[in-house]
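Please study the sequence and the model shown here.

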Amino acid sequence: MTKRPFEQLPLAFDHDPATGREDLLVSDRLSAAIAIVDHWPDWPSPVVIIAGPVGSGKSHLASIWMERAGARAIHPVADSDAALIAANGPVLFEDADRQGFDDTTLFHVINSVRQHGTGLLMTSRLWPMSWPVVLPDLRSRLKAATVVEIGEPDDELLTQVLIKLFADRQLFIDEKLVGYIVQRMERSLEAAQTIVERIDRLALARGVKLTRSLAAEVLEDLGNQRHSD
């Protein structure tokens with residue numbers, strides 16, 4: 001086993017990603033979702049659901065829309081005031097499939113949005129027909145919603161994302177090294193975030209520049225980790 005260089009634990013700095021509309025990386029897989037956000041409030045229906053895998057950009061889009069629409073975040077669980085909030089303005093419900101919800105409360109939220117002409121944006125990893133909905137009236141309401149899917153990222157988008165994530169950390173990386181990473185990484189934006197974070201921390205710990213060998217080490221470690229899960 002090769003002994004690795006001495007590693008000093010770096011200070012944990014916060015790296016806030018740029019999440020404005022001008023920072024959004026446009027690609028074909030995102031075009032429909034971006035169009036929905038950009039065309040607010042002229043939506044095809046009062047309820048819009050953006051569906052896509054973890055790390056696909058749903059939260060970024062939701063954040064842009066929330067600011068643009070002056071929306072409030074809700075969690076439609078039993079005995080919440082989600083429906084009342086929805087009556088007074090646009091609302092956002094993120095990660096609907098993971099957070100869970102009360103069928104009756106979400107049904108009332110959607111009715112409130114329709115009655116008062118506000119708007120509801122929901123995000124989810126899964127299409128709404130895969131949600132564990134029992135209430136027939138809610139299922140009917142969800143069928144009437146506009147669903148926009150975000151597909152898996154391609155090489156071009158992953159390249160843009162990696163460059164952006166490194167830039168968010170004030171790091172500028174050689175395009176050849178980015179290409180090396182893209183060809184060997186898991187095809188997800190979540191993986192891109194993890195890779196950038198680990199490369200940055202390892203480079204800081206060792207006091208070295210971003211190199212192919214450093215990237216290869218991180219990619220190998222992540223691959224081994226996935227195989228052991």
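Trp40 is buried, as its relative accessible area is 17%. Buried means under 20% relative accessible area, exposed over 50%, and partly exposed in between (1.4 Å probe, protein chains only). This is a predicted model: local features need pLDDT of at least 70, side-chain atom pairs count only at pLDDT 80 or more, and totals for chains, interfaces and linings use all residues. Residues are numbered from 1 along each chain as its sequence is written, and side-chain values use heavy atoms, with hydrogens and water left out.

Student: How many aromatic pairs does the count come to?

Tutor: Rings of Phe, Tyr and Trp (its six-membered ring) pair if their centres lie within 6.5 Å; planes under 30 degrees apart count as stacked, over 60 as edge-to-face and the rest as tilted. By this rule the count is five aromatic pairs.

Student: How many residues apart in sequence are the parts that the pair of Trp40 and Trp65 ties together?

Tutor: Helices (H or I, at least four residues) and strands (E, at least two) are DSSP runs, numbered from the N terminus. Trp40 lies in the loop between helix H1 (31-38) and strand S1 (47-51), and Trp65 lies in helix H2 (residues 58-69), so the pair ties together parts whose separation in sequence is 25 residues.

Student: What is the relative accessible area of Trp65?

Tutor: Both Trp40 and Trp43 are buried. Trp65 is buried as well, with a relative accessible area of 0%.

Student: In what order do the strands form the sheet?

Tutor: Two strands pair if DSSP finds at least two bridges between them. S1 runs parallel to strand S4 (residues 120-124), with five bridges, and parallel to strand S5 (residues 146-149), with four bridges. S2 and strand S3 (residues 91-93) also pair in the parallel sense, over two bridges. The five strands form an open sheet, with parallel pairing, in the order S2-S3-S4-S1-S5.

Student: Which strands stand at the edges?

Tutor: A strand at the edge of this sheet has a single partner strand, so one side of it is left without a neighbour in the sheet. The strands in this position are strand S2 (72-73) and S5.

Student: Are the residues of S1 buried or exposed?

Tutor: In a regular strand the side chains alternate between the two faces of the sheet. Val47, Ile49 and Ala51 point one way from S1, and Val48 and Ile50 point the other way. On both sides, these residues are buried.

Student: What is the volume of the largest cavity?

Tutor: On a 1 Å grid over the protein atoms alone, a cavity is a set of points where a 1.4 Å probe fits but cannot get out, and lining residues have an atom within 4 Å of a point. The count comes to one cavity of 30 Å³ or more. Its lining includes Val47, Ile110 and Arg114. The largest cavity has a volume of about 40 Å³.

Note on methods. On a 1 Å grid over the protein atoms alone, a cavity is a set of points where a 1.4 Å probe fits but cannot get out, and a pocket is an open set with protein on both sides within 12 Å along at least five of seven lines; lining residues have an atom within 4 Å of a point. Grid points are joined across faces, edges and corners, and a volume is the space filled by probe spheres set on the points.
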